[in-house]
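Subject: Structure handover

Dear colleague,

I am passing on to you the structure shown below. Please look through it first, and then read the notes that follow.

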Amino acid sequence: MKEVKIHTEYIKLDDLLKFAGIIGSGGQAKAVILDGFVKVNGEVCTMRGKKLRGGEIIEFMGNKLKVIKE
């Protein structure tokens, strides 16, 4: 599981996918989220603006990310 460190209170789901380097663009992030390919804490999430805070787990195409708040 890859840890993604943030220095803010939260990061939006679409921004996290781009920041972690899993998705190349915002348009791609929007499409995969809206199509139901992304899970947050084990449940499919279709809200691209979902605010993620420390400790949350994101899954996408075999990649697992854990948000770490610094």
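**Strands and their pairing**

Within β7, Ile-57 has Lys-66 as its bridge partner. Before going further, please note that this is a predicted model, in which local features need pLDDT of at least 70 and side-chain atom pairs count only at pLDDT 80 or more, while totals for chains, interfaces and linings use all residues. Residues are numbered from 1 along each chain as its sequence is written, and side-chain values use heavy atoms, with hydrogens and water left out.

Helices (H or I, at least four residues) and strands (E, at least two) are DSSP runs numbered from the N terminus, and two strands are said to pair if DSSP finds at least two bridges between them. Strand β6 (residues 57-60) pairs with β7 (residues 63-69) in the antiparallel sense over four bridges, and Phe-60 has Asn-63 in β7 as its bridge partner. These two strands, β6 and β7, form a hairpin with two residues between them, where Met-61 in the turn has a positive phi of about 50°. By contrast, β1 and β7 pair in the parallel sense over five bridges, with Val-67 of β7 as the bridge partner of Val-4.

**The nonpolar core**

A nonpolar core is a set of buried Ala, Val, Leu, Ile, Met, Phe, Trp, Tyr and Cys residues joined through side-chain atoms within 4.5 Å, where buried means under 20% relative accessible area (1.4 Å probe, protein chains only). The largest such core has 19 residues, and those touching the most other members are Leu-13, Leu-16, Leu-17, Val-32, Val-38, Leu-52 and Ile-58. Two or more residues each come from β1 (2-6), α1, α2 (26-34), β3, β6 and β7. Taking contact to mean heavy atoms within 4.5 Å, and leaving aside neighbours within four places in sequence, Ile-58 is in contact with residues including Leu-13, Val-38, Leu-52 and Val-67.

Asp-14, found in helix α1 (residues 13-19), is buried yet has no salt bridge, as the nearest side chain of opposite charge, Arg-48, is 4.4 Å away. A salt bridge here requires a side-chain nitrogen of Lys or Arg within 4 Å of a carboxyl oxygen of Asp or Glu; Lys and Arg count as positive and Asp and Glu as negative, whereas His and the chain ends are not counted.

Met-47 is found in the loop between β4 (43-44) and β5 (51-52), and its C-alpha atom is separated by 9.3 Å from that of Lys-12, 35 residues apart along the chain.

With best regards

Key: Buried means under 20% relative accessible area, exposed over 50%, partly exposed in between (1.4 Å probe, protein chains only).
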